[in-house]
Amino acid sequence: MATASRERPSRTAPDGWSSLMEAAQNGHGGAYRRLLGEMSEWLTRYFQRRLPPGDVDDAVQETLLAIHRRRHTYDPQHPLGPWLAAIAKNKWVDQLRSLARRPVDELPDDIAVGDHEASVVSSSVLASLLDELRPAQAQAILLVKVQGYSVEEASGKIGLSVSAVKMNIHRGLARLTAIIEKSPDVE
Amino acid sequence: MSSESLIANLSSDLAPVQRRSMVREGGLVLALGAAELALFLGLGVMRPDISHMAGSPYLMWRVGSLGLLAVVACVLAIRSFSPTARPRRGLVLACALAVAAIVGGAFVTPDGASERALFDRIDPSSGILCATSIFVLSLPIVALLGALMRRAAPTQPRLSALASGIAAGACGAFVFAFCCPFNDPLYVVVWYTVGCVAVAAAARWRLPRRFRL
């Protein structure tokens with residue numbers, strides 16, 4: 001299936017698909033099952049790039065049904081890829097039309113939440129800064145300055161003396177200050 | 001239902017299917033057209049001077065161009081029923097052929113015809129009857145092409161329906177050409193075009209509604 005994992009089956013559909021479909025046209029259920037399974041994987045990837053996540057399964061199943069109903073129209077003398085791509089594209093257009101017809105519900109006012117951008121950015125920046133410290137310093141600062149533990153509690157969690165925790169916090173913060181001051185994009 | 005369940009359902013008790021064959025479909029359309037022509041001529045409506053007219057440039061132009069257009073349009077329509085077909089180019093070809101046939105009519109206009117008044121040459125009262133006859137004669141072909149289209153898998157059903165309408169209209173006009181008593185190419189161009197366009201428009205409007213891939 002490695003060759004079928006790309007975007008365009010016209011180029012990448014395995015030669016085996018044609019023979020599987022030919023066998024399916026002759027009534028071979030096992031070949032048909034295998035073929036539909038492989039097509040289903042390809043169709044899932046195809047629609048994931050083109051439709052909202054909630055509509056992908058519907059589109060895949062609609063396409064599988066269309067393939068089943070129209071399997072007699074496939075000519076084994078030609079590659080299967082363009083035939084499959086044409087049907088998939090048709091179903092994609094159908095899904096887009098149904099999306100356009102679907103009524104749009106207005107979202108209630110109380111669904112809105114506060115802006116978390118600042119805290120997300122801060123968290124990301126802090127994580128990258130802590131990576132610059134020695135592990136004992138980073139852990140002490142994280143426990144005491146970020147998560148709110150007391151120095152004594154942090155001492156118990158880390159397994160160092162209280163004075164060693166204080167020392168790590170002090171040296172770690174000094175190093176963080178130096179890193180931030182050297183950083184060119186700090187406002 | 002998950003896709004796995006659907007696949008299991010579809011693949012269980014799978015029956016063999018008869019593959020679509022364009023040659024067989026073309027043969028069906030040809031057989032129906034031939035039967036219609038034979039039946040129509042068998043009713044005794046063929047113009048009485050057809051044997052006298054045989055070989056004349058006018059009849060060659062009328063029957064030849066309509067026959068060629070009918071064959072080309074039928075082939076294009078049947079080919080367009082495939083999911084991978086691109087009917088647009090074929091439709092352009094069919095339209096170009098129709099225009100060439102119309103232009104060709106200028107070279108077979110009988111002497112003196114152009115001296116008559118335009119209204120007399122077109123003769124609307126007879127012309128409407130001719131266009132209606134072409135429309136009626138094309139109905140069996142358009143019905144057959146519609147059935148073939150439903151069984152196939154066109155991914156551009158509107159263009160396929162239009163191609164079917166043009167093909168059916170050309171077939172109807174071809175059959176009618178054997179009994180039409182008018183010899184003025186202008187009359188033929190105007191009213192045969194009206195009949196064919198009416199069939200194409202009806203097919204374009206009606207056939208896609210009955211189709212679902």
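A: Let's start with how chain B connects to itself. Take the contacts in chain B with a separation of 6 or more: 88% of them are between residues 24 or more positions apart. Keep in mind that this is a predicted model.

What are the pieces? As for dimensions, the C-alpha trace of chain B spans about 75 × 30 × 25 Å along its principal axes. Of the 213 residues in chain B, 37% are buried.

Now for confidence. The average pLDDT of chain B is 90, and 96% of the residues score at least 70. Among the elements of chain B, the highest mean pLDDT, 95, belongs to helix H8 of chain B (residues 157-176), while helix H3 of chain B (residues 50-53) has the lowest, 77. The model as a whole comes with an ipTM of 0.76 and a pTM of 0.70.

Finally, the partner. Chain B puts 20 residues into the contact, and chain A puts in 26. Over on chain A, helix H2 (15-25), helix H3 (29-48), helix H4 (53-69) and helix H5 (80-101) each supply at least two residues of the side that touches chain B.

Key. Residues numbered from 1 in each chain as written. Chains lettered and ligands numbered in written order. Predicted model: local features only at pLDDT ≥ 70, side-chain atom pairs only at ≥ 80, totals over all residues. Contact = placed C-beta atoms within 7 Å. Helix = DSSP H or I, 4+ residues; strand = E, 2+ residues; numbered from the N terminus. pLDDT = per-residue confidence, 0-100. Buried ≥ 20, exposed ≤ 12 C-beta atoms within 10 Å, placed from the backbone.
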